[in-house]
Structures are given as structure tokens and as C-alpha cells.
Amino acid sequence: MHLRSVACLLAFTIAAAQPSFADEQIVIATTGGTWERQMREHFFDPFTKETGIKVVTVSGTGAENVARVKAMAATGKVEWDLYQAGEIQAASELHRSLNEDMTAFCSDYVTDKDLLSDACNPSGVLFGYGTTLMVYNTESFPKDGPANWKDFFDVDRFPGPRALPNFNDPWRVMAAALLADGVEPKDLFPLDIDRALKRLNDLRPHIGLWWKTGDQSTQGFRTGEYVIGQIWQTRAAALKQEGQPLAWRQDQAFLVGDRWALIKNAPNRDNAIRFLRYFLDHPQAQAKVCEALTCTPARYSAAAAMGEAARAMVPTSPEVFSRLIKPDAAWINTHTQLLIERWNEWSQQ
């Protein structure tokens, strides 16, 4: 064979043995809806354009995604790379057993003063903070709408169907019931489960929607399945942006956050690490996403880049933060199984 032909054949063989840059990808589990659309526009597609790494998404509820990760770990066939874990769940032993310890990754950001405190920790990289809160239809309540969880449970003064979440994470519903029953925020934890469920018995006939996904909560408002609901502020903000007649209260809202979790033995681990760095290194994109979703981004500079109205709404502004309910993550994680068992028993009655 001619020497030039041999060289060409060898070059072709080497190239064929290497993975195509264009074929590289990461698989990210999301909760779909507005969150995924915002991330696609401001992070996923720009990341692909810059790196050539395709972002493949799969969607489900938070509980469904964790269940899938557990199943993958049990079978040893991990198909995803990253997913969003709630701040409380991210502090649990289960989370640590399923996902990589990010201490080494975070060591590169120890001196980064632009990051919120604890934005990068062994459990993962902070996506942002938000709240779960009470929203209401301003056409149903044009004057003096409900102001707190006591009002939420007052069906005489504020008539109409309610919405509450039902996705194997019941502490927020129980906490709202206790606040409605007169428990002071400082005395909320440990939760009095019996007292909470007793108070919820009174409200059960007035629940028009038990939602399991964020999309269900928004669609239920549009269709009138409820006029007052406990939903995520990110979803409430999306509804308001589309012109829905909606208002909300931050008083007694529950502070929550989400972290990027890197699954152990992720098939595209290096690409996932690259995406996490991209996420942290683009505060302007963080600002755009959190302005759309009404969340507090991981960087101070990102928060500063948000519009004035959006900054005033985010849950860590001082005047808002003082009125929020900060959950006891250690207690919730220790009692998760009990909470779920008691909740399932009550909800199936």
C-alpha cells in the first residue's frame, strides 16, 4: 500500500476511535415547565453553543427524579448526570449516598466573595433560593385578600377552592396548618403532626386541587380549580408574567432552595463538571433566570444585575427575609419517613 494511503488510513482509524466532540452530551433531570424553558434559553443552549456539549433533559417531579436516581444506583446503571435537589433533601444521608461529594470542586471557590455563603458545599452547587407561599386570585378577592395561613384556612371570610401540594414532602402543608392554628413561627419545629392533621381535617372538603407538579399548580390556577393556593413562588411569578390576576404574600412563606446534584458514577461526569463551572461563571445569565422565576441567585453580582422590582421580591432581601419561615432541615430529614407515613395514612382516609 502506498505510504500516503497508509497514513490516511491510520488518521481515519484514530479519528474514528475518538468520541466526536459534537456527540458529547450531559443529561439533566428537571421539573419541566417554566424552569426548564428559562434554563434552556439562558444556560443550556448557550452552553452547547460555547462547548459543543449537548444538554439532554428529562423531566419529572422532584420526588420522581430522586426515585429514579435511587433506582439507577441500585442497578448500577446510571443514565443521568445532574438533577436539582431541594436544599433540605440535599442535607440528608440519602442525598450523600447517591451523589458526589463536591468538596474538591468547591475548593476552587472558597475565596470567591461574590458567592452567597455556603453556595458551594459538599452537597452541591446552589441554584438559588425561593419560597413556597400563599397566592390568591385578585378577581376573587379584589380588596383585603388573605394575608397569612390563618386566612388561608378561613373559608368563611375567604370562600373558594384551595390548592395544596401532595408529593411526598408534606412538612410545608403541616407547617401551614400549625401556623393557622396559632403556633408561633419560633415554636413550629418540631412539628406537632397530630395537631396539624386535625386542623387539615377542617380544610379537606375545600381542597380543589392536590398538585404533584409545578405545572399542575399553574394550570389549576388558570382553570379555576383553586382561588387560593400554596405553590412555589417561581410558578406564581410565571403566572403573573402571563397576565393572570394573582397576588401573593411573603409573610410566613417557607424559605426553600435548590442545589445541583452530581450523581455518583455519572456517565458524562467531566461534562457535568464543566456545566457547573459554566453556571457559576455566568452571573448575568443567573440574573435573567432568577428575574424570570423570582428567585435569589447564587452570586451577589447576579442579584445586583436583576431589575429593581425583581430584587425587591426576592426572598433574601432584608425586609422580606425577616418574615420568612426557615425550616429545620435536620429535624425534617430525621423524621421524613414518619412524616410521609402519617401523611399517606391521612390523605387516603
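Take the bonded cysteines of the chain in sequence order and number them: the pairing reads 1-2, 3-4. The model is a predicted one, and it holds two disulfides. A disulfide is a covalent bond between the sulfur atoms of two cysteines.

Start with Cys-106 and Cys-120. Their sulfur atoms sit 2.1 Å apart, and the two residues form a disulfide. The cut-off for such a pair is within 2.5 Å. The angle about the S-S bond is -85°, and the link of Cys-106 and Cys-120 is left-handed. What does this link connect? Cys-106 belongs to helix α5, residues 103-106, while Cys-120 belongs to strand β4, residues 120-121; the pair therefore ties together parts that lie 14 residues apart in sequence. Are these two cysteines buried or exposed? Both Cys-106 and Cys-120 are buried.

Now move to Cys-290 and Cys-295. These two also form a disulfide, with 2.1 Å between their sulfur atoms. The torsion about their S-S bond is about -100°, so this disulfide is left-handed. Burial follows from accessibility. Buried means under 20% relative accessible area. Cys-290 has 2% relative accessibility, so Cys-290 counts as buried. Cys-295 has 2% relative accessibility as well, and therefore counts as buried.

Next comes confidence. The chain averages a pLDDT of 91. Of the residues, 94% score at least 70. Where does pLDDT stay under 50? That stretch is residues 1-22. For residues 1-22, the model has five contacts beyond four places in sequence.

Finally, look at helix α9, which spans residues 214-222. Which of its residues are buried? They are Gly-214, Ser-217, Thr-218, Gly-220 and Phe-221. Viewed down the axis of α9, these buried residues fall within an arc of 160°, so they line one face of the helix.

What covers that buried set? The cover includes strands and a helix from elsewhere in the chain: β5 (124-137), β7 (207-211), β8 (228-232) and β9 (246-262), along with α10 (233-241). Go just past the end of α9 and you reach Gly-224, which takes a positive phi of about 80°.

Key. Residues numbered from 1 in each chain as written. Predicted model: local features only at pLDDT ≥ 70, side-chain atom pairs only at ≥ 80, totals over all residues. Heavy atoms only, no water. Helix = DSSP H or I, 4+ residues; strand = E, 2+ residues; numbered from the N terminus. Buried < 20%, exposed > 50% of the residue type's maximum accessible area, 1.4 Å probe, protein only. pLDDT = per-residue confidence, 0-100. Contact = heavy atoms within 4.5 Å. Arc of directions from axis to C-beta.
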